[in-house]
Each structure stands twice: as C-alpha cells, then as structure tokens.
Amino acid sequence: MVKLYDGGVYLVNGTEIMTDAAEVAAKTGKNVCPEEALKGTMAYGILAAHNKSGDMEHLEMKFDSMTSHDITYVGIIQTARASGMKEFPMPYVLTNCHNSLCAVGGTINEDDHMFALSAAHKYGGIYVPTNMAVIHSVNRELMSGCGRMILGSDSHTRYGALGTLAVGEGGGELAKQLVGRTYDVARPGVVAIYLTGAPKPGVGPQDVALSIIGAVYANGYVKNKVMEFVGPGIASLPVEYRNGIDVMTTETTCWSSIWVTDEKTEEYFAIHGRPEAYRKMDPAEITYYDGCVYVDLSTIECTIALPMHPSYAMPIRELLENPAEIMHEYQEKANKQIKGATMDLDSKVHGKEIWVDQGLVAGCSGGTFDNVCAVADILRGRSCGNGTFTMSVYPGSMPAYRALLKNGALYDIAGAGAIIRECFCGPCFGAGDTPANGEFSIRHTTRNFPNREGSKPGEGQMASVALMDARSIAATAVNGGRLTPATDLDIEYTTPKYFFDGSVYEKRIYNGYGKAEPDYELKMGPNIKDWPEQPALSEDLLVKVVSYITDPVTTTDELIPSGETSSYRSNPLRLAEFALSRKDPAYVGRAKEVHEVEIAREKGEGLPEEVKNVYAALEKVVAVDPENTVIGSTIFANKPGDGSAREQAASCQRVLGAAANIALEYATKRYRSNCINWGMAPLLTREPDAFELGDYVFVPGLRKNILGKVNDFDAYAVKADGTVRKFAVSTGDLTDAERQIIADGCLINYYRNN
C-alpha cells in the first residue's frame, strides 16, 4: 500500500505521523508550528550547513564534491575554462561509463577520455578509467558521507541512503562551482517517505521504487522537493536495497533525497574503509513535512512499469490478469507519442501469458552486489533457454565484480546462459544490448523513456522497454522469457556478505585532487570543439516557432536523443544536428533557416521579406526596433525537460540560434536551469493557442523586464497572414544571477562580463 497524505504532517519521535498540532501538543506537551518544526528535517540541517547566503529561504550553496561522466564532463570543463577556471576547487570525479564503446565515430570517445585524464592532471581531478565503475557506484563507494552534499551532471545523482544529499543538474551548475560561484535555489519543500513493514522474499528495491513513482509522478506530489525517508521499515532494508530505491527517486521529479542512517549504514562505510564518513542522522523529535507518502513494504508486489515511463507501474499479477487489454492500452498510448515506426505489444500476449525477448540487469540501479547475488540464487542450476530470449548482467563497479567472481555468483549466472558484461551504463540510455526491431525488453535500469533502448523509429526501428526488478527478470529468464514475478518461485536467497576490496581502485584511479599541474597540456581530440559565441539578449526579442509539441510531457531524450549521438557531445555544432531528430525531424532545418536570418542581420545584410512583413504587422500595435532586435527560434512544448540532467538538451537549441523556450510548465528544475544557463528565456504561457508552428512571437522590453524583476508581461504572436494576437507570458521566479545570465546571453558570457 502506498498512501499520500492530503497536506502537511508532523512526525513525532521518528515513528508517529500526526496531522494536527494540537495532537502533537497533547502527545509531547510541546506547542509547535510548521515554520519551526520544518527545521527538524535532516534535509534542512544539511542545507543550512552548506548555505553561504545567511538566508535559508534563498540558498546559495557550495558542495563537498562533484561528479560527471563522459557525456558531460568535456562541455563542463570547456565552459569553466572559458570562464576563467584555473584549478578544481573541490574533489571532482570524472567517470567513463557512458561513452565507453568506441564503435561510433572512430576514436572520438576515447579522445574524450584522454581529455579527462589530462584535465585531472592539469586541474587536480579524480579520473576513473573506462569500465572501472559506473558513475553512481563509485561515488557511493568513495565519495558519499553522512551530512555531505554532492553535485553531479547526471540526473540520477542520488546518495540519500548513505546520508548524502545529492543533486543531479545540468553542466552549467557544475561550471559555476568550478569557478567559485554558488548553486542558488529557493529552499525546497521536504516530503516524508514513511516506510513500515518489510518486503516479501522476491520483492526487490525496483518494485518499491516503481510503486512510489507510480503514486507520485503524475500529480507532482514531490516535484522539486526533497524526499526524506523515515519510519521503522528502513531497518528491514539492507543498504544496497536502500540504494536501489533511492537512485530511482529521480523519476518522481523530486530535487533530492535523504534517509535516516543506522548501524547498517555504519557497517557500509566500515566495509568500504571509511568509518569516519558515518554519523547518525534522524529527524528531530518533532518534525514538520510538507507531505507524506506512507509505504507499507509488506504489501508491495513484484511490479512492472510498462512503456514508456517509469510511472506506468502496476503489479505484474495485475497485468497478467488482463494482459491483452492492458498491453494494447499501453501500446496505443506509446504510438500516439512516437513518430515513425509502430510499437507492437499485442504480439507479446499469448492467452494469459506475456512473452518477452530480453532481460537486463545493469548500472547504478540494477548492478548492485545484492541484486546480482539474488539473480544468481534464481538462475543457479537453471537455464535461460536457447530460444529468442537473452539476458545480460552488468555489475556496477569492479570491486563488486571481483566480489561476485569470488563468491561464485557470476559463475552461476553465466552457467545459466546469461552474459556477463562490463561496468557500463549503456543499457540505461540506448548504447548497449539494443534489442532487435519489434522486441520487448525487461530491464532493471533507471528509465524506459522512448528509444532509451537504442531503436530509431524514424528509420523504421521500434523496440520497447518495461522496467522490473532484477529478481523478476531472473524469474522470467528461467521460464525462457515468460513474464514471471519472482514471488511465483520458491527460492532460498543466500544474501552473501559483501567484502569490498578497493585495491583495484588504488591501482587504476588517478587521484589528482590538490595536486593540480597547471603546465600539463590538455589532450584535445579532433572532435573536441569550443562553444560557439552567443549573442547577448537585445531589448526586444523576435522568435519564430520552429517546433510545436503537444505531448503531455517531452523528455530530454526527445529533445536530444541518447545512444550513439552521445559520441558527439564534445562537438556542440555536430551534436546539434541530432536535436529533436526523433520527435520533430524537420526542427534542425527550420532552426537553421532562422539562424541564417540573424547572422545576415548581424552582418548588416538586411532582412528577408517574411520578417519585414512581420515587423510591418507589429508596427500597427507596438513599437519595434528591427535593427537592434535579435531574431531567434523557439520551441513550444507543454511540459519539456523530464529526465536527464544533460545540458545538451538546451545547448543544442542554443547553438542553432534558439533564444527562448515557451511552455505551460517545465518538467524539472534541471532543464529550466539548463535553458537559463544557455541564455534562453524560460517563458511560460497559459495561452498556447495564441500561436502555432511557423508563427513569430515578439516580446517587447524583454531585457528590461528580466533585469527589472518583472516576471509577467505581454508578447505578440504574428500569423502568416499578418494577424497579430497579444497574449500573456511569464519568466517565473528568477534569481538575480539568472536574470543577468539570460541578459548576457549565456553562462560563459556572464563570467566573462562579471
């Protein structure tokens, strides 16, 4: 059972939930108010310790360490270099777990890795070689600590189960830390995730996580808030089980997460040779939360999230009671969203059975020691069969890999016909174990957004992914691909003890923190390019709508596809060619046409007739200054930016000439911050019918309004026939620094000017 409270709650002594202050007073003899009791959250204490502003309502924070992988670190370091960085001011972990394969683009992936190693020497960083560990595994093992804060350029930067408040953000926010600036945000709300009971054997962390995501995603219950895990149920969970739940909190759209710590957490740090990283963490005697998610772990069932979102969650039992109707419903829902090929889930249903083609257990969520041991317990002495079904397992780190070799788990898994892969995040974003066209894959990975499995609908390819726990994937494997909840099998789980041996890290990881070598030469492969120059915001702004997306939510994967495109992430202009390629293939061409108009205007070559006609129509209703108005492109989407933190979802638009985004709302703070850091005004409107694809939108006085802290103002839509419609837009709340970044044109310009 997962229950959401309608309003705020008090937590008394870490165990009792109360909704009324009078009830709290009667219980404790103390009069309380929410404003004071909210200071008792673990999150508040950690934020206060890292805040430099002196104002807990407007936080300006510095982190204890940072981390990036090889899709993001080149752009971050290039931005920081251009902004004046001379040395990494904190431990900065550079992992190589995304662009690990060099099958696309020749040498360019490995060129990025060599760039990172040289940057670790030059600026004093920590370099984790390819396939040594996935980003979040190594940060759990080496960098987490109770009361610490870690900033990562990956959306699943979550180490809350280890007492660490971790935040996934776009690269611009990391660049700010590298040049000594702060991470600025309004104090987030905090929601209690109250756990009670204990999971049944066969029910794993992904089952718990998907059940929570299914309950809170659509209603935005925890959006941009901290999820604070409390309650007696925590004691029933091993730490790696907690880690498996925690990393999936990203899919709720929360801002971060934190957990109560206990003797199991203490043991985790001792096993990893860092006992000093532990301290007991609890909420205060009386704590106020902005909401509460009540989770009875004993009622959680083996769960599946159907394509194409982790929130499309239901018990596997429920799916198998009515497979034909439910699978068809989600097939049709998917086919309304994708363009090109057609998803086929109907063919996977045979009577009351569902047959899948592939099973994967991988990465920061699936590849933990405990999960892989549970898979081994299920597969031991059995067979995955020699039919179409295939299974692969990717351990999360080399120390875990070695421990699994030593205790025989990998021997048993391989003996069943499953494939043991390297420490690699590829299956999470479409760069590893891509299914065949038409296949249905079940995965213990982080998300199942469109094309995260690697298919290309625009080229007639379509596969589909459902999320499940490692245990049920293994149970399905021993039945040759027949979808099976792990609780249907009678398994004795051995739960072997983990012995961490960090010697492989000591031999291979380069730790240059505090030992910067300023004269060390950066190794710049031919694909590594500097960011193009971006113009400052003009007083007025004219943008053409070059994509109009009406889906309820637009993911960052749809804004810039993952998979093989990741190889070009160090080359801004090359990567931009892929922007919206799987959602709106004509976008790049339209954006380039508008950008050419602006380039010609800057050169003094005049304006094309279409733009002259737009200004002629505008002159009848509002003052215009064509010679001094930047002309850019924009996209409209109802709710853009769900998912990944990678800044390229915004920077690709910017290098193609985008000057603003228009939306009903932004799915995540991460994506909105990326837009701001790349100089695009994050406009909001409640009147999306005021304009359509191909229309122009004129925003007079935009620069003055942004710098003058005016959030609400008018814009004008110009139709092809010259009709002009006024409508209301807003920027939403912006910090002073964000206002100046937009005015300067991007973060690099901002640092150059300031």
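The following questions and answers concern the predicted model shown above.

Me: On what basis are the residues numbered and the values computed?
Reply: Residues are numbered from 1 along each chain as its sequence is written, and side-chain values use heavy atoms, with hydrogens and water left out. Because this is a predicted model, local features need pLDDT of at least 70 and side-chain atom pairs count only at pLDDT 80 or more, while totals for chains, interfaces and linings use all residues.

Me: In what order do the three strands of the open sheet stand?
Reply: Helices (H or I, at least four residues) and strands (E, at least two) are DSSP runs, numbered from the N terminus. Two strands pair if DSSP finds at least two bridges between them. The pairing in this open sheet is antiparallel, and the order is β3-β2-β14.

Me: Which residue of β3 is the bridge partner of Tyr-10?
Reply: Strand β2 (residues 9-12) pairs with β3 in the antiparallel sense over three bridges. The bridge partner of Tyr-10 in β3 is Met-18.

Me: At what angle to β2 does helix α1 run?
Reply: Axes are lines fitted to C-alpha atoms, for helices over the stretch in contact, and angles run from 0 to 180 degrees between N-to-C directions. Helix α1 (residues 21-28) lies across β2, β3 and β14. Its angle to β2 is about 15°.

Me: How many of the ten residues of α4 are buried?
Reply: Buried means under 20% relative accessible area, exposed over 50%, and partly exposed in between (1.4 Å probe, protein chains only). The buried residues of α4 include Tyr-73, Gly-75, Ile-77 and Ala-80. Their cover includes β5 (65-68), β6 (92-95), α5, α7 and α27 (747-753). Helix α4 is mostly covered, and the number of buried residues is eight.

Me: How many nonpolar residues does the contact of α4 with α5 have?
Reply: Contact means heavy atoms within 4.5 Å. Among the residues that make this contact are Val-74, Ile-77 and Arg-81 of α4, and Asp-112, Phe-115 and Tyr-123 of α5. Ala, Val, Leu, Ile, Met, Phe, Trp, Tyr, Cys and Pro count as nonpolar, Asp, Glu, Lys and Arg as charged, and the others, Gly among them, as polar. Besides two polar and two charged residues, the number of nonpolar residues is seven.

Me: Is the crossing of α4 and α7 left-handed or right-handed?
Reply: The axes of α4 and helix α7 (residues 171-178) come within 9 Å and cross at roughly 45°. A crossing is left-handed if the near helix is turned anticlockwise from the far one by less than a right angle, and right-handed if clockwise. The crossing of α4 and α5 is left-handed, whereas that of α4 and α7 is right-handed.

Me: Which residue of β12 stands opposite Tyr-194?
Reply: Strand β11 (residues 190-196) is mostly covered, with seven of its seven residues buried. β11 pairs with strand β12 (residues 226-230) in the parallel sense over five bridges. The residue opposite Tyr-194 is Val-230.

Me: Are α23 and α24 roughly parallel or roughly perpendicular to each other?
Reply: The axes of helix α23 (residues 648-655) and helix α24 (residues 669-677) come within 8 Å and cross at roughly 30°. In this contact, Ala-649, Ala-650 and Gln-653 of α23 meet Tyr-671, Asn-674 and Cys-675 of α24. The two helices, α23 and α24, are therefore roughly parallel.

Me: What is the relative accessible area of Lys-497?
Reply: Lys-497 is found in the loop between α17 (470-478) and α18 (503-508). Leaving aside neighbours within four places in sequence, Lys-497 is in contact with Glu-267, Ile-271 and Phe-369. Lys-497 is partly exposed, and its relative accessible area is 45%.

Conventions: Angles under 35 degrees count as roughly parallel, over 145 as roughly antiparallel, 65 to 115 as roughly perpendicular and the rest as oblique.
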